[in-house]
Amino acid sequence: MRGMDGLGALGATYLSDIAAAADEAALEALRIALLGRKGAISLRMRALGGMDPEARRAAAPALNGLRDEVEAAFRARRAALADAALAARLAAEWLDVTLPARPRPAGTVHPVTQVMDELTAIFADMGFAVAEGPQVETDWHNFDALNIPPEHPARQEHDTFFLHRAEGDNRPPHVLRTHTSPVQIRAMLARGAPLRVIAPGRVYRLDMDQTHTPMFHQVEGLAIDRELSMAQLKWVLEEFCRAFFEVEGVELRFRASHFPFTEPSAEVDIRCSWADGQLRIGEGESWLEILGSGMVHPNVLRAGGVDPDRWQGFAFGMGIDRIAMLKYGIPDLRAFFESDLRWLRHYGFAALDIPALPAGLSR
Ligand code: PHE
């Protein structure tokens, strides 16, 4: 730095202070101290005005040079701080897209949920929508509307849980639904004919041993159209079992049976073997009952507001826990509802594997 006494040393101090400013705030404080209205450099510039012309001519160039240098130093430092801030952000917000995806979540999907998802996918493919009904059901939907009048013996067979009513409570009697069949009535009343629905859900019966729990799961199926027959019912059930058990050679046996809400009625068994305690579907000499079915009784169509002279229907009801046990080789039904984490880890399914027909139901 040339000219005016001490200006060179002062300038060197200013420049090193500016270069050392740690952040925007420190830099701004320094700018005010040097170039602000009462800043050190501004005061010297103003002092030039009071000098005689000769002295001014001698002093001005050095002072102007100092001011230019200081201003340039501010610009450089500001840019350097901005660069450093950007670099820090880039470092902090950096993401390694080559890292593996999130690890498998700790929780698993319960086999009942898995099987509901699987059968929903299979029946959706055949044009069945999902319908729902309440678990606390009116006596009428659960029994009367399904052609089971109060004195019918089938009522005793259902081991029903009845809801307690206080004295003077005149609401209609309610039960915990003993099967998913009341959803047939609700679906007909809500949607009319033609109709194709399944209704998976919880049902309740007062029963408890190795193969029975007081709460279990069923899926109801109902199809209503102008002309439907047992042959179509049989095709739908065979198609379902082939897709569900993922075994080409499934074999079903239709046994004549009786349900008040279907006529004729059939129970369906699936061929299996128990060789060396290992259950195999589609081979062997044993038969396992998996569902009840039949042609919808005219009284049931009528209760659902569907004219039996114009419409026909078939229906079926299948135990979801039962077919889950069969497909996934789970020996004890009661373990389904004990919430034992070791059991869930063993028999559960990965949460992100959603069953779909094209990708394969279970992987
Ligand atoms: N609701 C019957 C049961 O729980 C099953 C069934 C449904 C039978 C539909 C025929 C038609 O056992």
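In the predicted model, the centres of domain 1 and domain 2, taken over C-alpha atoms, are separated by 87 Å. Domain 1 covers residues 2-92. Domain 2 runs over 109-350.

For His 179, a polar side-chain atom lies 3.0 Å from a ligand nitrogen atom. Arg 205 places a polar side-chain atom 3.0 Å from an oxygen atom of the ligand. In Gln 218, an N or O atom of the side chain is 3.0 Å from a ligand oxygen atom.

Helix packing was examined for H5 and H11. Two packed helices are described by the angle between their axes and by the distance between those axes. Helix H5 spans residues 111-125, and helix H11 spans residues 320-328. The two pack at an angle of about 95°. Their axes lie 9 Å apart. Angles of 65 to 115 degrees count as roughly perpendicular, so H5 is roughly perpendicular to H11.

The contact of H5 with H11 involves eight nonpolar, one polar and three charged residues. From H5 come Val 112, Gln 114, Val 115, Met 116, Glu 118 and Leu 119. They meet Ile 320, Asp 321, Ile 323, Ala 324, Lys 327 and Tyr 328 of H11. Gln 114 is the polar residue of this contact.

Note on methods. Residues are numbered from 1 along each chain as its sequence is written. This is a predicted model: local features need pLDDT of at least 70, side-chain atom pairs count only at pLDDT 80 or more; totals for chains, interfaces and linings use all residues. Side-chain values use heavy atoms; hydrogens and water are left out. Axes are lines fitted to C-alpha atoms, for helices over the stretch in contact, and angles run from 0 to 180 degrees between N-to-C directions. Helices (H or I, at least four residues) and strands (E, at least two) are DSSP runs, numbered from the N terminus. Angles under 35 degrees count as roughly parallel, over 145 as roughly antiparallel, 65 to 115 as roughly perpendicular and the rest as oblique. Contact means heavy atoms within 4.5 Å. Domain bounds come from an automatic or database domain assignment. A polar contact is a pair of N or O atoms within 3.5 Å; within protein, one must be able to donate a hydrogen and the other to accept it, and residues adjacent in sequence count only if both atoms are side-chain atoms.
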